[in-house]
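Morning, everyone. I have one model to go through today, and I will keep to what can be read from its coordinates.

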Amino acid sequence: MTVTDERQLAHARAVRARGCAMPPDGMPPSEILDSWARCMQAGLDSAARTAITMVDAADLARRRERAEVTRRLAQAELETLSQQIAGSNFLLAFADRDGVILDLYSDNRFSMSGSDAGILAGSCWSESLCGTNGLGTALATGRSVAVTGLEHYLLQLGEISCTAAPVRDAHGDIVGVLDASSYYESRQRHTQALVQMAATHIENELLVHQMRSRFVLAIHPRPEFLRTLSAGLLAFDEEGRLLALNARGRHLLQGLDGAPGASFEELFGEPFEQVLARLHRGGDLRLRDTLGSSLVATCLSRPAERPRPAPPARREPAAVARSAPQVVADDPAVADAFRLVEAAVRMRVPILIQGETGSGKEVLARHAHRASGRKGAFVAINCGALPDGLFEAELFGYVGGAFTGARRDGSVGLIASADCGTLLLDEVREMPMHLQAALLRFLDDHEVRPVGGTAGRRVDVQLLVATNAELDDEVAAHRFRADLLFRLNTVCVGLPPLRQRRDFATAVRSVLAGLDAGATIGDDAIERLAWHAWPGNFRELRSVLTRALLAHADRRLTRADVDRLLPAASPPSASALQQGASEMVRHEFERTGRSVSQTSRNLGISRTTVYRHLREARG
């Protein structure tokens, strides 16, 4: 049977299954028909109700850890995408190379019910299991794809439209896929372009990361496009051999042997050693490929210079490398929160942590775990990411054969895996009401009873819960149990949002050090960052600093570097943030015996900035 025959057969069968309810534009695109043919060959029934396959929480955690770098880059893009398509009833997802969703961002109006009920973290959307769909078909074809309404092979997904783009690493292997889904009537034509741009951005950042110990050049015919998605990226080793290149790089080198292993001189007709000498002088490079095309290049990364061995007579003890600070708590409210959780874990009472998304709730919870001295594991559970139907089994465990799809040997559950350690229930307001009763019972007797079992197991955990919601309001709306809140609210700790923190400059430098210990940022750049409202708090800050670093090989961030990544803003003449910063500087100045230099070192700001804040504090 020819490909055309398979497409026509797939189309005819799909029409019959749908009762002629086909997409309004008539014959679907060829990639959809090809996908339908693959689905038929796999034996999928388009009219049958299909249960979405879920991986368990432990497997999901392993997959997230395995994809850590790509996932971190994807999360930054998902946050940006969520702002670009806000108000369109959307759901954004990043899945691994097997089609298992690792992260979700959802508009509040995209209700998780009906046909979209299986779009959850841990659900598998490979084409062989779920038929034609954005995630699965993008992985199956290796190309960006849009699947609209009834173009989905399974009729149960006919109300959804999705667009997805695969993400490839520096070697061209697919490592994940981005997807944007919405209801059919809410779809936007520009979404596919935005998703493809986001995937390209991840691929470029991933290439730079994977080749960070090599020479990575950005090339383009015009210099103003060197730091855009239009630039080609080429990675070379120290001998000038091409190691990797992005899709745009392959396009710009069309007609040349641009495969990995090619030499720089074969591509550009110039010895690599000469180019290295020009690179050391800084600035952009003018290149001409061997076909005569003119290009401009800039170096995005290069191997670290090998330190020259010191003469034996002058040898000094090697300096101990200082690790970037993991916790910043110079803000009085944050310092109080850290002290409070330290005291609470000594009394072994539940702790409720409140704060905006990305404000550091898990960081505070991990600090509580370290302060407790407990030898068990720290187990963090996102209650909003666990599927409702399997929530109890994942939390409390299950015996073998307790339900369809259960593992033969059962599972101890996430609570028991934190025995002698610390358990964090994040987004606790998302916990279903019937499980709130089970959690309340656990707080009473500290026993977990697996699904399908009769015997309980006593577990010793330090419990922390976190939320960005007002649980009192949830209780009033009958979405959260009042008796459970009474138990969880034994110790309540609040974290201020990043925009209100008085240690903003220290926080910025700490995040930057965590990304690149050798990077620096100017006071004027931090001042520009302080104008921004930071709705995503530390997650958004980390995303902005990551992008700024990737665009600059010298790792010295200026005001201009961060300004282009932030929305336009005007400096407030006497904002609460500036007043708070000036007050903090004055307080530290007095605490250090009125020492400008010591205040400068302690707060991580220049002496000029200290003097300016002291003048402002005096009015």
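First, the ground rules. This is a predicted model, so local features need pLDDT of at least 70 and side-chain atom pairs count only at pLDDT 80 or more, while totals for chains, interfaces and linings use all residues. Residues are numbered from 1 along each chain as its sequence is written, and side-chain values use heavy atoms, with hydrogens and water left out.

Now the overall picture. The protein chain has 24 helices and 19 strands; these are DSSP runs, H or I of at least four residues for helices and E of at least two for strands, numbered from the N terminus. The chain is 619 residues long, and 49% of them count as buried. Buried here means under 20% relative accessible area, exposed means over 50%, and partly exposed is in between, with a 1.4 Å probe and protein chains only. Among contacts with a separation of 6 or more, 64% are between residues 24 or more positions apart. Contact means heavy atoms within 4.5 Å.

Next, helix 18 and helix 19. Helix 18 covers residues 504-515. Its axis comes within 10 Å of the axis of helix 19, residues 523-531, and the two cross at roughly 110 degrees. Axes are lines fitted to C-alpha atoms, for helices over the stretch in contact, and angles run from 0 to 180 degrees between N-to-C directions. The two helices are therefore roughly perpendicular to each other. For that label, the range is 65 to 115 degrees; under 35 is roughly parallel, over 145 roughly antiparallel, and the rest oblique. Helix 18 contributes F504, A505, V508 and R509 to the contact, and helix 19 contributes D523, I526, L529 and A530. By type, that is six nonpolar, no polar and two charged. Nonpolar covers Ala, Val, Leu, Ile, Met, Phe, Trp, Tyr, Cys and Pro; charged covers Asp, Glu, Lys and Arg; the others, Gly among them, are polar.

Stay with A505 for a moment. A505 counts as buried because its relative accessibility is 16%. Leaving aside neighbours within four places in sequence, A505 is in contact with I526 and I605. A505 and A525 are 20 residues apart in sequence, and their C-alpha atoms are 9.9 Å apart in space.

Which residues of helix 19 are buried? They are A525, I526, R528, L529 and W531. Their cover includes helix 18, strand 18 (520-521), helix 20, strand 19 (556-557) and helix 21 (559-563).

Helix 20, residues 537-550, also packs against helix 4, residues 68-84, at an angle of about 110 degrees with the axes 10 Å apart. Helix 4 and helix 20 are therefore roughly perpendicular to each other. From helix 4 the contact uses R72, L73, A76, E77, E79, T80 and Q83, and from helix 20 it uses R539, E540, S543, T546 and R547. These residues divide into two nonpolar, four polar and six charged.

Now the aromatics. How many aromatic pairs does the structure hold? There are five. Rings of Phe, Tyr and Trp (its six-membered ring) pair if their centres lie within 6.5 Å; planes under 30 degrees apart are stacked, over 60 edge-to-face, and the rest tilted. F264 and F268 make a tilted pair, 4.8 Å centre to centre with 40 degrees between the planes. Both lie in helix 9 (residues 264-268), four residues apart, about one turn of the helix. F264 also makes a tilted pair with F272, at 5.2 Å and 50 degrees. F264 and F268 are both buried. F215, F236, F264, F268 and F272 form one aromatic cluster.

F272 leads us to helix 10, residues 272-280, where the buried residues are F272, V275, L276 and L279. The face turned away from the buried side carries the exposed residues E273 and H280.

Last, two backbone points. Most residues other than glycine have a negative phi. R348 has a positive phi, near 60 degrees, and sits in the loop between helix 11 (332-347) and strand 11 (351-354). R348 is exposed, at 59% relative accessible area. C420 has a positive phi near 70 degrees, and lies in the loop between helix 14 (414-417) and strand 13 (421-426). C420 is partly exposed, at 39%.
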